[in-house]
Amino acid sequence: MERKIYVGSNYNPEHWPKDRWPIDVQYMKEAGVNVLRLTDLAWSRLEPEDGKFDFGWLDEFMAMAGEAGIGLILTTPIEASPVWLRHKHPEVVRTDKFGRIHGERGNHCHNRTALHFYVERLVDRMASRYARHPAVIGWQIDNELRAVHCYCEECLIGFQAWLRSRYGTLERLNDEWGTVFWSQEYRSWDEVKLPSADQLTISVSQVVDYYRFASDSTVNHVARQADIIKGYAPHHFVTHNSLGYWYLFLDLNRLAEKLDFMGWDSYPDVDSDNHHICIGHDLHRSVKPSNDKFWVLEQKNGYFNYSNYNLAIEPGLVRLWAYQDIARGANGVLFYNWRSNRFSWEQNPNGIFRHDGTPRRAYYEMKQMIAELGGFGGELVDASVEAPVAIIHSYDQIWGYEAHKQYTNFDYRRHIMDYHKVLARNGVTADLVEPQADLSRYKLVIAPSMAMVNEDIQRNLEAYVKNGGCLVIGARSGMKTWANTTIVTPWPGLLTELAGVAIDEFEVLPDHYSNGIAYKGKEYRVKVWLDMLETKTAETVATYTEKFYAGRTAISKNRFGEGTVYYVGVMGSTELIEHLLNDIAGERGIRMAPIPDEIYVTHRVNKEHRFTFFINVNRKPVTVKLDYPGLDVIKGEEVTGEAEIGGLDVLIIKSAVSAQQEDNEA
Amino acid sequence: MERKIYVGSNYNPEHWPKDRWPIDVQYMKEAGVNVLRLTDLAWSRLEPEDGKFDFGWLDEFMAMAGEAGIGLILTTPIEASPVWLRHKHPEVVRTDKFGRIHGERGNHCHNRTALHFYVERLVDRMASRYARHPAVIGWQIDNELRAVHCYCEECLIGFQAWLRSRYGTLERLNDEWGTVFWSQEYRSWDEVKLPSADQLTISVSQVVDYYRFASDSTVNHVARQADIIKGYAPHHFVTHNSLGYWYLFLDLNRLAEKLDFMGWDSYPDVDSDNHHICIGHDLHRSVKPSNDKFWVLEQKNGYFNYSNYNLAIEPGLVRLWAYQDIARGANGVLFYNWRSNRFSWEQNPNGIFRHDGTPRRAYYEMKQMIAELGGFGGELVDASVEAPVAIIHSYDQIWGYEAHKQYTNFDYRRHIMDYHKVLARNGVTADLVEPQADLSRYKLVIAPSMAMVNEDIQRNLEAYVKNGGCLVIGARSGMKTWANTTIVTPWPGLLTELAGVAIDEFEVLPDHYSNGIAYKGKEYRVKVWLDMLETKTAETVATYTEKFYAGRTAISKNRFGEGTVYYVGVMGSTELIEHLLNDIAGERGIRMAPIPDEIYVTHRVNKEHRFTFFINVNRKPVTVKLDYPGLDVIKGEEVTGEAEIGGLDVLIIKSAVSAQQEDNEA
Amino acid sequence: MERKIYVGSNYNPEHWPKDRWPIDVQYMKEAGVNVLRLTDLAWSRLEPEDGKFDFGWLDEFMAMAGEAGIGLILTTPIEASPVWLRHKHPEVVRTDKFGRIHGERGNHCHNRTALHFYVERLVDRMASRYARHPAVIGWQIDNELRAVHCYCEECLIGFQAWLRSRYGTLERLNDEWGTVFWSQEYRSWDEVKLPSADQLTISVSQVVDYYRFASDSTVNHVARQADIIKGYAPHHFVTHNSLGYWYLFLDLNRLAEKLDFMGWDSYPDVDSDNHHICIGHDLHRSVKPSNDKFWVLEQKNGYFNYSNYNLAIEPGLVRLWAYQDIARGANGVLFYNWRSNRFSWEQNPNGIFRHDGTPRRAYYEMKQMIAELGGFGGELVDASVEAPVAIIHSYDQIWGYEAHKQYTNFDYRRHIMDYHKVLARNGVTADLVEPQADLSRYKLVIAPSMAMVNEDIQRNLEAYVKNGGCLVIGARSGMKTWANTTIVTPWPGLLTELAGVAIDEFEVLPDHYSNGIAYKGKEYRVKVWLDMLETKTAETVATYTEKFYAGRTAISKNRFGEGTVYYVGVMGSTELIEHLLNDIAGERGIRMAPIPDEIYVTHRVNKEHRFTFFINVNRKPVTVKLDYPGLDVIKGEEVTGEAEIGGLDVLIIKSAVSAQQEDNEA
């Protein structure tokens, strides 16, 4: 792969007449497109009948694109399997909770032997054929994978085996799940069932483990394909386009281990602040710490097909979205789609080209951006996003809460987003990492809520703090085992020594209630979940102001080894988070200061240079203060002090890293 | 059939003791009832055991009613089939998406051979027995039919045959449905499935065709019975009582082809403007253009059984509702029910008589109306409703949107109703016709939205305009094929030459957004769907005022042949529609002027006379201006200039057509 | 059983290590706990394999508890059956409407032969083993039973048999259900089906009878177990913990016939007035008139597991709740749970002890209360709650409305609660009794709504009034047969002579409408259901003020024998109810006067003494007026005139009954 930012799109030659192909390729050349994703939905054309393959049409197009200097990504087209396969094997579609085969695109069961056979044969054919194709640069495995919750008999067998390997003995499973509670004790492995609708009792622990098993099943589905591809083409990258931050059931950390780098599909709104997109970028950047660049494999450029309304996309917005991707670590941006789909559920004009084959504004914005990147894109390739803070984000926690919601007004991921957004609005970018991850590089680690803790996590956090780290633990933490049952020691359990507090009592408020807390002379309204802290080795930082527990500790601060631990026993106030994190940032030497509304600031830094990205989501110009003088790489002008950015425009300042380090040391 | 308006009710002799029958018939005679509908729910009494028929009780009642001079309509009592049939053949009940037999009254599968056998045998027995009965005037086939969506194996076979006959080859089906999109390509006919829940991929085109197939299946169910009846009794009329404007899935245009005239069941509210009833009348009047009179086979007169509340029916309201039926083209009004049902789901006092057998106020209001109609009803029989405007209403469009809603804030039928209501509130009655219908008689044709267009429709509309017609095309038109896929030419596709515009872009606004448009010096807020027009041969009539497309065309006007085409690219403003239609009405010589609130005005016109109906839904008197002097046929007084109508009262003015024609020509 | 109030908790020795048991028992002894409920969820430990029983661990704990002087209640642990049973007999779990086995804890089918076998064997083993155990005082049968609606083939057979025994002949069933209505007539018993989803027609009467059958099936499930237990241990009491007032489907009156006294599980809110708990107490007290004391077998003391939020429980609240139980007739209060559950769906700290084994505040409040009761609890045991008013509450009515809701704004049980609350806020406690119950002891009987009436009920009510009683009948009464079909005589049918009115018409208003009525010079807004009365022998007490029926009678009063009957044709105004009941209370010599907000007052009276309970749900002190001077039994001080009660505190005044009788006679 070349040292450049890749910009292109998805292309479906199988959807359009052959005589159109050269026209499209000509348009691509004119715009400087350097990458295309192919075959995402093409199984029925690559294997029109069971075991009869037809690569001719694809060879033809790939040759054409290759000659135009375009790098190609081949997708294993599993998501939409052909009708003949399901006609022969209806069971490759998932079985629902009620034992019914119940489909929808992509809803295959990843544990079906029949599916394995057909997928592996197809991937083997594709990989062996295209491993040495000069235009191919990499592979996408399947499309927007869901960890489909299937309740078929092969899943049952798989789940029993998974549990046996996790727990070793039934005694341990019974013990960790606490099956004694509702007489759900198992006496033989074949009594253990999936959490299907025909069960009298299903335990919360069983559900969490089922979610883990389903995610693992899907990760294995990817690994099987990756292994085949790497066997033929170790020099090609392998990636996948994830559904993003909000999709619950697939552990991206585990998935990323099977991939060379992470990819995802980004569909921003025209009329929101798109913070959910920013956090999506940050998550996908940090799920594979060994490769902190990612690709946006589908970047929205037109009308979205699965929304209740569709605002017209204003001039400038498509380019802006693509720069936002790069600003937060993307090394590749592929617009979806080249030409608008004509059929079935995706008929909105979602392409760079209209249905009628004429270019939309997006084409010209893409062209402009590719031209601009020609000047500085290559330098970005190994520039990492500067993220001094880590936020702990864990699929096990998500599944724990999902298996047993308990409180409807607590949303784990919105709660994480509250912390993330306060940082972003103050110019600080955060990684989203697992609690087991290496934390040593971060100036600050925030665990907004972490109900389930195990000894690995305890050790990891303690080591980080002991060596001088700073850890913020949020409310509702530490009271559960890794099997999602409640501990028998005082709360916050394994986090007790770290936090230096005990929690005797709490309350969970509905939306119409709140309590107050006093922090450094200011009062904040807090709600959702309130822990009442008893300080042991910690000191009190904030106290409650109302109800019978007025005066009790709400936030504490503890010294642990060389480091510090805050326990923030309250939720629901971003103003309080901002106040507190500003104080902590001061202690930790993190630059934190408010940035103008609807401006997004991030930094990509390599050994020599810092690239500071200012993305202006306002419809009007905004003036920003520059921390570092440098080169406006788009305009090619030196700037210092401050600069104006046009509405829906982008400013990128390149500055020298060496000078800044001296500056910091001074 | 005699030349009179038929007024009567439904009657269920099988629900009441025999000794009550003569009492009821005596009440009927006293009121002048001249028609009864029988046997709608009587299958279990007509055929108490498989193949054992009992017509004795019915003969007896029919003789009694016939002697009283009452015309009889026999209903084929299929909706509520007997228990013994379902016990033998549970499969006559529909199979749901999940493969389960899943019933509810009337939910038979119309493709089941077993059902065909039993229905045809029963209808044959009834028709042969009563074809020459002197009191019988006609037949109602089944009751409130739904095009039941069944997913049984006989539907599967039927659907495959239906598709084969529609598309000829699988190649053409694959092509028109665009099955390549999600690898859904079929290689043999038996791979084609119903859109049942066990499918991985279902295409939008498949769903639309399934809706067409289901409607056809139900129309065939009617045709099979009509054929048997007509075989024995060609002199009897055959009709059906449809569920009305809001029921989606049965194409009333196709159904009407099998019937002598259309019928429907009208259940107005006590506390709404009942515009949905008016549009129901107008639809049922115009679905069979060759016979533009219809019957109301069930007219509410009491408490409704399927609503969450029931307001007491004020004195006068029952008579008012019945006159509203006639005012819009009904030649028959049958109240539902004679005596209030006692059992099961319909226990509210819904009869002209109470449960205890005493008459409710409705009885006396019906009696009064029959007496009044004695004076002029006969003259109305061939008087047609004057409807100078046609609104295009198409079940294929409904199903297209239904198969793929895309945007929740767009409702095709409410959108049509917006146009219809603006006309009605200005004294203009519209027909609701298919896009393929003969349009030559209309001064104005409005197609409020017509996404799918085929060449037949194009030809029909072009012919109409070419010959001097005026066509208004609403937003969201012309971008789809008849298989509900997107076209590959510029929008509005086959309507392009007619409209003289191209549409590059649009936006779909949620409820909380709008844009402005300027039309003849006034500004209107528009929303839902906004097309941005590029005028080709058309001129600009109105432009957008906000956002990046301010100044672009929102409404255009094009000359085509001898006629004119407006393309109204916006939705959501009835004020704008009113302004625009007033201007167009002026051009087209349509009398259009506001009428007082809650007054409904329609005209029935035969060769000699115009009957102008004023229905006053107000609870207090209203004075109306009369366009024509004439005879108040109820009071028997000549009126001119203006007249007062009492609260919840009716005024009918009979005027001479000849004088008016002179007047118009002058 | 000893003459004392029992206070204790549920205990699960099987959930905790054996070495914890003595610690817990020591805590119990220190607090004075005198009762424990055991084995509610222990089936898998009592019978770990099919037919292999293990009572050793239970013997051991029971011996320990017995030595500590604690009385034991054994629960038949059916709710959570063991996995091995369902593995062998999956069909013991209920079959849903669609024919699928579809579980959830407690969702067994009570008609399954397999379930009967295993339940009866286990109960036989438990009863035979512990009948003579010195510590055992009684048994709880199953846990929080639901009348599970199952649609399996054994339920079908059971239903057919139940119907055959109820109706004798099919002719009578067809007649009473009115199956002729939708051709649902049955010709043989095997044609009669359950109201499952595969039926084309289901009648309202069929549904009501199915609810009756399901309730009976569950009552039989209890009776089978009670018979076994009583066979071995006639000296032990048998009870059950019902789900409370809001659970619909189990007829507590029939259930109570099988039990020595009634029990229920009380889970009050921290932030409501808990009137729903008070009415729960009153219902459970009066469902077994022969034993008007009940037990609270689960009393909330901590965080609730099935709510969307959980407020911290303020100091004093746990003791307050327990006294509220006793104040309304409880002779036993068992907190749920001793120690907080750790597993699965119930992980909130719901115990008197935390998960970590340390006592919560609840422990000390319980200890305090036990000490207080030591002084006077014994005297309460046979003191009955003084309830001069009966409200008619009938499961048949509930099921009638449930089978056919008709009107969403009418809620039978909320409507009853309106009457109940008006009485309670004025210091009058009401029983909730069946319409067939002995009413002679009540000064006033209120039937807030009674659509279905049969001749037994008619006779009972007429006898009560004839002998001088006072009956208030609410709107929507008397128009239905006991099979939930409409009568053929004028409304209110069998109540006509009692009420002395006829009802020709009514209306049912949605929430946004109302009418006015004038009662003794005041006007009230009424809604929901309004009957328009025609007085026959009755006099008019209030009239409507609006709409076309202004001036017609809304409330009437009739003399019948020695008594009086009010027909209150309106709903929706508690102000009106309060005004009317105050007037009636005056006539009937019932002490009725407003009591301060959030104070609850009840009286328990035995031959010698009256115990007046004041429960202060306010967070601040309140001063109350005392009707009778007496002894504050908690403080041990004589009080007279008035007294102050602390926030969340309780005052109990013991006064001599003899003096009061003289007082009343004077």
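Mentor: Two residues are in contact if their C-beta atoms, placed from the backbone, lie within 7 Å. Please keep in mind that this is a predicted model.

Trainee: How many residues does the contact take from chain C and from chain A?

Mentor: The cut-off of 7 Å between C-beta atoms decides which residues count. On that basis, the contact takes 35 residues from chain A and 38 residues from chain C.

Trainee: Which helix gives the most to the side of chain C that touches chain A?

Mentor: Two helices of chain C, α2 (43-46) and α4 (83-88), each supply at least two residues of this side. The side divides into 16 nonpolar, 13 polar and nine charged residues. With four residues, the helix that gives the most is α4(C).

Trainee: Where does the largest share of the side of chain A that touches chain B come from?

Mentor: This contact takes 38 residues from chain A and 35 residues from chain B. On the side of chain A, α2 (43-46) and α4 (83-88) each supply at least two residues. The largest share, four residues, comes from α4(A).

Trainee: Which feature does UniProt place at residues 387-590 of chain A?

Mentor: Over these residues the chain is 26% helix and 30% strand, and the end C-alpha atoms are 10 Å apart. The unreviewed UniProt entry gives the feature as "domain: Beta-galactosidase trimerisation".

Methods:
Residues are numbered from 1 along each chain as its sequence is written. Chains are lettered from A and ligands numbered from 1 in the order in which they are written. This is a predicted model: local features need pLDDT of at least 70, side-chain atom pairs count only at pLDDT 80 or more; totals for chains, interfaces and linings use all residues. UniProt positions are given in the numbering used here, feature names are shortened, and annotations may be inferred rather than shown by experiment. Ala, Val, Leu, Ile, Met, Phe, Trp, Tyr, Cys and Pro count as nonpolar, Asp, Glu, Lys and Arg as charged, and the others, Gly among them, as polar.
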